[in-house]
Amino acid sequence: MNTPVTEQLHQDAHGLDTRPLIEVANLLATSQASAAKAPLEALAPLCGGAQAMANSIRSGGKLRYLAAGSSGLMAASDALELGGTFSIPTKQIAIHMAGGLPTTAEMPGDVEDAADTLEYELADLHTDDTLIAVSASGTTPYTIAAAKMAQAKGVPVIGIANNSGSLLLQLADHAVLLPTPPELISGSTRMGAGTAQKIALNMLSTLMAVELGHIQDGMMINLRADNDKLRARANGIVCQLTGVTAERADAALGSTDGALKSAALVAAGALSVEAAEALLTETAGHLRPAMNRLKQNNETTNLGETK
């Protein structure tokens with residue numbers, strides 16, 4: 001039986017402990033940089049997975065991030081950012097980590113073999129959901145069992161793994177293979193494999209946000225402004241999108257209770273918050289076409305007034 005790439009010895013690992021730390025540091029940085037390129041090999045399944053995630057959000061389903069060990073930490077970190085960054089409702093995000101999310105510095109390893117909790121954890125699994133299952137080896141029992149449950153219920157599975165031909169990738173509707181080289185510290189997949197997973201997960205959620213219309217010109221136009229930094233960012237985005245003053249942007253954001261897309265439309269001349277929301281409904285939440293429609297409506301109104 002061939003040893004999985006994630007368990008093989010790195011070609012530069014021999015004598016690693018005898019080298020100057022500066023050499024080891026260079027090898028560590030170089031190996032991480034090499035691993036960071038892995039998602040470039042999976043652009044199509046990443047885009048397909050992002051579309052499945054967007055469909056789940058539109059239909060009221062859940063994004064279910066599921067993994068064990070260091071892969072679980074990578075998955076959880078992405079899931080926890082979706083509310084503040086893109087205002088994805090927390091009720092539409094679920095984090096499933098073997099053994100539960102750690103509350104101390106101890107993370108037990110035996111739980112990744114235990115799939116007996118999944119019947120309870122995934123009891124409300126629905127066809128509108130999307131499962132994002134992550135496993136460096138692609139063979140973790142907890143993750144494989146979840147992927148099989150999802151497959152049986154017709155739930156789309158995004159499988160992220162670092163070993164080609166692994167069972168998780170075979171079970172996945174969107175198979176994201178991240179072909180990272182062997183770890184400099186053999187089997188320590190929190191390193192190169194984890195780096196590639198983090199990038200792939202960031203890409204998935206960001207591509208999903210593009211699909212949902214939550215990003216425009218590189219700006220987070222659906223962020224949740226719940227602290228001073230984000231309130232200032234929201235104000236700046238409204239100013240950037242519409243050319244109004246900071247004071248007018250603040251007034252618009254106040255009228256929409258911080259809803260940035262609606263605020264941008266109000267600042268741009270929408271007659272009311274309700275009118276702004278109606279435009280967004282017509283464009284499925286995409287601000288750019290809503291702004292174009294507002295501009296056309298305003299031009300038509302002005303033309304009628306001059307006749």
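This is a predicted model: local features need pLDDT of at least 70, side-chain atom pairs count only at pLDDT 80 or more; totals for chains, interfaces and linings use all residues.
Five strands form an open sheet in the order β2-β1-β3-β4-β5, and their pairing is parallel. The edge strands are β2 and β5, each of which pairs on one side only. From one strand to the next, the twist averages 15 degrees. Strands of a sheet pair through backbone hydrogen bonds, in either a parallel or an antiparallel manner.

Strand β1 is mostly covered, with five of its five residues buried. Leu63, Tyr65 and Ala67 point one way from β1. Arg64 and Leu66 point the other way, and these residues are buried too. β1 pairs with strand β2 (residues 93-97) in the parallel sense, over five bridges. In this pairing, Tyr65 stands opposite Ile95 of β2.

Strands β3 and β4 also pair in the parallel sense, and five bridges join them. Ala133 has Gly159 in β4 as its bridge partner. Helix α2 packs on the sheet and touches β1, β3, β4 and β5. The direction of α2 makes about 135 degrees with that of β5. Helix α5 (residues 141-152) packs on the sheet as well, touching β1, β2, β3 and β4. Its direction makes about 155 degrees with that of β3.

The nonpolar cores come next. The largest nonpolar core has 29 residues. Tyr65, Ile132, Ile160 and Met208 are the residues with the most contacts inside this core. Two or more residues each are given to the core by α2 (43-58), β1 (63-67), α3 (69-86), β3 (130-135), β4 (157-161) and α7. Helix α7 supplies the largest share, seven residues.

Beyond its neighbours within four places in sequence, Ile132 is in contact with Leu63, Arg64, Tyr65 and Leu66, among others. Its contacts also include Ile158 and Ile160. Met53, Leu201 and Leu204 are in contact with Ile132 too.

A helix pair is found further along the chain. Two packed helices are described by the angle between their axes and the distance between the axes. Helix α10 (residues 260-267) and helix α11 (residues 273-282) pack at an angle of about 115 degrees. Their axes are 9 Å apart. The crossing of the two helices is right-handed. From α10, Lys261, Ser262, Leu265 and Val266 take part in the contact. They meet Val273, Ala276, Glu277, Leu279 and Leu280 of α11. Six residues of this contact are nonpolar, one is polar and two are charged.

Two single residues complete the account. Gly72 sits in helix α3. Gly72 counts as buried because its relative accessible area is 3%, under the 20% cut-off. Leaving aside neighbours within four places in sequence, Gly72 is in contact with Ala67 and Met97. The C-alpha atoms of Gly72 and Asn2 are separated by 25 Å, and the two residues are 70 residues apart along the chain.

Thr189 lies in the loop between β5 (174-177) and α7 (192-212). With neighbours within four places in sequence left aside, Thr189 is in contact with Thr6, Ser70, Ala136, Glu183 and Gly194.

Conventions. Residues are numbered from 1 along each chain as its sequence is written. Side-chain values use heavy atoms; hydrogens and water are left out. Helices (H or I, at least four residues) and strands (E, at least two) are DSSP runs, numbered from the N terminus. Contact means heavy atoms within 4.5 Å. A nonpolar core is a set of buried Ala, Val, Leu, Ile, Met, Phe, Trp, Tyr and Cys residues joined through side-chain atoms within 4.5 Å. Buried means under 20% relative accessible area, exposed over 50%, partly exposed in between (1.4 Å probe, protein chains only). Axes are lines fitted to C-alpha atoms, for helices over the stretch in contact, and angles run from 0 to 180 degrees between N-to-C directions. A crossing is left-handed if the near helix is turned anticlockwise from the far one by less than a right angle, and right-handed if clockwise. Ala, Val, Leu, Ile, Met, Phe, Trp, Tyr, Cys and Pro count as nonpolar, Asp, Glu, Lys and Arg as charged, and the others, Gly among them, as polar. Two strands pair if DSSP finds at least two bridges between them.
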